[in-house]
Amino acid sequence: MSSIAAAPSASAGSRRVLADVIVRPSSRARAFALDAGLVIAGAAIVALLAQVEIPLWPVPITGQTLGVIVVGAALGAWRGAAALTTYMLAGLAGLPVFAGFTGTIAAVAKPSFGFVIGFIFAAFLAGWFAQRAWDRRPVLAFAGFAAASVVPFLFGIPYMAFILNALLGLDLSFLEILQAGLFPFIVGGLVKAALAAAIIPSAWALVRKADASKD
């Protein structure tokens, strides 16, 4: 029997994500340990891609969003959100996981921290789409991942505006805020969504090929 067909779905109305290809342990404790390992691995991937950085004021361009989307899609909504929550808490605890190998509680006062908060919800949304099999086909994957890529800006831009204007007293206009925190990231965001839409469906193609070879 196909291993893809044999494994149960995570919940009614949703399908398995890539992480569910891994054989589930028989005991609840081992299953929890596996999920914890996947969450930590997801946080580590985002931490690694955070170091791919183009310095820019007040928010650098990094590879984080690509990591967020891939991790969310591969792990599913809740594990993806847990991975990005772990990433955020690790950085706030002082581990050098944020861009530029930084990590400190003082990061909450940085203009970019709102984007880190938004990553949690972006990973959840990417996972939500993946659980509905949007990650199997590149076109649908791109649509879902592009939508997930918008989420960090919904948190990041208001947060950045508050830090820059209310705390630092810069008195930037709405257009200036968008010029600083949105416009430079549009093309890169689309490119990263396209990369994720190539990576995840390709991984599924390999899974199907390996599964077919067992039959």
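In this predicted model, the axes of helix H4 (residues 77-92) and helix H5 (113-130) come within 6 Å and cross at roughly 165°. An angle over 145 degrees counts as roughly antiparallel, and H4 and H5 are therefore roughly antiparallel to each other. The crossing in which H4 passes H5 is right-handed. On the side of H4, the residues that meet H5 are Ala-77, Trp-78, Gly-80, Ala-81, Leu-84, Thr-85, Tyr-87, Met-88 and Leu-92. Their partners in H5 are Phe-113, Val-116, Ile-117, Phe-119, Ile-120, Ala-123, Phe-124, Gly-127 and Trp-128. By class, this contact of H4 with H5 comprises 15 nonpolar residues, three polar residues and no charged ones.

The chain between these two helices also deserves attention. Phe-101 lies in the loop between H4 and H5, and its phi is near 55°, a positive value in a residue other than glycine. Most residues other than glycine have a negative phi, and most peptide bonds are trans.

Pro-58 lies in the loop between strand S1 (53-54) and strand S2 (61-62). A cis peptide bond joins Trp-57 to Pro-58, with omega at about 0°.

The description now returns to helix packing. Two packed helices are described by the angle between their axes and the distance between the axes. For helix H2 (residues 28-50) and helix H3 (residues 64-75), the axes come within 8 Å and the crossing angle is roughly 160°. H2 and H3 are therefore roughly antiparallel to each other, and H2 passes H3 in a right-handed crossing. From H2, the contact involves Leu-38, Val-39, Gly-42, Ile-45, Val-46, Leu-49 and Ala-50. From H3, the residues are Gln-64, Leu-66, Gly-67, Val-68, Val-71 and Leu-75. Ten residues of the contact of H2 with H3 are nonpolar, three are polar and none is charged.

H2 also packs against H4, with axes that come within 8 Å and cross at roughly 55°. H2 and H4 are therefore oblique to each other, and their crossing is right-handed. H2 contributes Asp-35, Leu-38, Val-39, Gly-42, Ala-43, Val-46, Ala-47 and Ala-50 to this contact, while H4 contributes Arg-79, Ala-82, Ala-83, Leu-84, Thr-86 and Tyr-87. The contact of H2 with H4 divides into ten nonpolar, two polar and two charged residues.

Rolling a probe the size of a water molecule over the atoms shows where empty space is left. The largest pocket holds about 450 Å³ of space. Its lining consists of 29 residues, and those that lie nearest the centre of the pocket are Val-59, Pro-60, Thr-62, Gln-64 and Ser-112. Several elements take part: S2, H3, H5, helix H6 (138-167) and helix H8 (186-214) each supply at least two residues of the lining. H5 provides the largest share, four residues. By class, the lining of the largest pocket has 17 nonpolar, nine polar and three charged residues.

Key: Residues numbered from 1 in each chain as written. Predicted model: local features only at pLDDT ≥ 70, side-chain atom pairs only at ≥ 80, totals over all residues. Heavy atoms only, no water. Axes fitted to C-alpha atoms, helices over the stretch in contact; angles between N-to-C directions. Parallel < 35°, antiparallel > 145°, perpendicular 65-115°, else oblique. Left-handed = near helix turned anticlockwise from the far one by under 90°. Contact = heavy atoms within 4.5 Å. Nonpolar A, V, L, I, M, F, W, Y, C, P; charged D, E, K, R; others polar. 1 Å grid on protein atoms, 1.4 Å probe; cavity = no way out; pocket = protein on both sides within 12 Å on 5 of 7 lines; lining within 4 Å. Points joined across faces, edges and corners; volume = space filled by probe spheres on them.
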